[in-house]
Amino acid sequence: MDITETLKTLSACYGPSGCETGIREKIAELAAPYADRIYTDVMGNLIAVKSPSAKDDSIAPADFPRLMFAAHMDSVGLMVTYIEESGLLRFGAVGVPDLASLKAAAVRFENGTSGTVGWDADAKEPSADSMFIDIGAKSRKEAEERVRCGDIAVYDAPARALGRDRIAGPYMDNRAGVAAQLLAMELLKAPKYECFFVFTAQEEVGHRGAKPAVFGIDPQYAVVCDTTYSDDIPGSKHVGTAVLGGGAAVKVMDKSVICHPEMVSALKAVAGKKKIPCQTDIIQKGGTDGSDMRKNASGVWTGGVSIATRCIHSPQEVCSISDIEAAGRLMAAFAETKPGF
Ligand SMILES: [Zn+2]
């Protein structure tokens, strides 16, 4: 799989929280060659299964423990709440977009309508209620021909290669994780678990897709794959640990989850054995689907494989292709290793 090309394809898809149809259809198409079966649940999570029993009728799926991977496919967005007489659109945030980077950002709606974000003349600091989207309409009536209240705009920028190993784009969070999971599916040849690769919905608004997904799958083991804040920019206070190019970042904790220590050790051991570059992911902020997976039923052995990213939730998130590749390889290698606990 060409990771850069996959990210360009995924970044061109529309998929803010709750409106994931566009991105889901594309992922289903990309995952189909590597999956034994694919289905979508009521929340809109896409679930691709790779089963040890798929090619051997003498094996029952129940003979294997269930391992759930989760990478969220949704993105942050801007939901239209009011259309001014002038045709300018007021909006509320879906998830937590980086408001400081929104000034003059290019955005687009699902129907292709383009817009630009502007700030009110008297705005002192960035806040959603002092910004507007300009779609070029001269009046409310003209704007309503293209956009309605409840429609969601997303950043409108392509993913671009930066040098040989870096890529910038509006939705590395979490199309980078989606690409890593697709790579893991491609690489995984002999699963030791009944593997569920879940591309979750509505993570950016509080992991709302992961919770029903993990309830339905009821796994014994789980691995979340998401971006994480990098700790390698000028002025970093070193309250995090992962850096761009440092390899797959094995999650220890974020603000929503403390991973099971045995999962942390097992992922690092597999990385060491397979010579996959890896580092540690500790962050003090942010949350992931891992929190709902960890707490499901009477508890799940949960770990995480993260991808260090700069400028998270801005229109130009930056990450490293080699880190994404390492994350995909690590997830595949983990699924091919029998659980020792
Ligand atoms: Zn994310």
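Modeller: First, a convention: axes are lines fitted to C-alpha atoms, for helices over the stretch in contact, and angles run from 0 to 180 degrees between N-to-C directions. Note also that this is a predicted model.

Biologist: At what angle do helix 1 and helix 2 pack?

Modeller: Helix 2 covers residues 21–31. The axes of helix 1 and helix 2 lie 10 Å apart. The packing angle is about 150 degrees.

Biologist: How is helix 1 then oriented to helix 2, parallel or antiparallel?

Modeller: Angles over 145 degrees count as roughly antiparallel. The packing angle of helix 1 and helix 2 is about 150 degrees. That makes the orientation of helix 1 to helix 2 roughly antiparallel.

Biologist: Which residues of helix 2 make the contact with helix 1?

Modeller: The contact of helix 1 with helix 2 divides into four nonpolar residues, two polar and one charged. Helix 1 gives T6, T9 and L10. Helix 2 gives I23, K26, I27 and L30.

Biologist: What is the relation of helix 1 to helix 4?

Modeller: Helix 1 spans residues 3–11 and helix 4 spans residues 172–187. Their axes come within 10 Å and cross at roughly 130 degrees. That angle makes helix 1, relative to helix 4, oblique.

Biologist: What is the hand of the crossing of helix 1 and helix 4, left-handed or right-handed?

Modeller: On the helix 1 side, the contact uses I3, T6, L7, L10 and S11. On the helix 4 side, it uses M172, R175, A176, V178, A179, L182 and L183. These residues divide into nine nonpolar, two polar and one charged. The crossing of helix 1 and helix 4 is right-handed.

Biologist: Helix 4 also meets helix 8. At what angle do their axes cross?

Modeller: Helix 8 covers residues 321–335. The axes of helix 4 and helix 8 come within 7 Å. The two helices are therefore oblique to each other. The crossing is right-handed, at roughly 45 degrees.

Biologist: How many residues of the contact of helix 4 with helix 8 are nonpolar?

Modeller: Helix 4 brings A176, A179, A180, Q181, L183, A184 and L187. Helix 8 brings I324, E325, A327, G328, R329, M331 and A332. Two of these residues are polar and two are charged, and the nonpolar ones number ten.

Biologist: Which residues does the cis peptide bond join?

Modeller: Most peptide bonds are trans. Here omega is about 10 degrees. The bond joins D173 and N174.

Biologist: What is phi of D218?

Modeller: D218 sits in the loop between helix 5 (210–217) and strand 13 (221–229). Most residues other than glycine have a negative phi. For D218 the value is positive, near 55 degrees.

Definitions and conventions:
Residues are numbered from 1 along each chain as its sequence is written. This is a predicted model: local features need pLDDT of at least 70, side-chain atom pairs count only at pLDDT 80 or more; totals for chains, interfaces and linings use all residues. Side-chain values use heavy atoms; hydrogens and water are left out. Helices (H or I, at least four residues) and strands (E, at least two) are DSSP runs, numbered from the N terminus. Angles under 35 degrees count as roughly parallel, over 145 as roughly antiparallel, 65 to 115 as roughly perpendicular and the rest as oblique. A crossing is left-handed if the near helix is turned anticlockwise from the far one by less than a right angle, and right-handed if clockwise. Contact means heavy atoms within 4.5 Å. Ala, Val, Leu, Ile, Met, Phe, Trp, Tyr, Cys and Pro count as nonpolar, Asp, Glu, Lys and Arg as charged, and the others, Gly among them, as polar.
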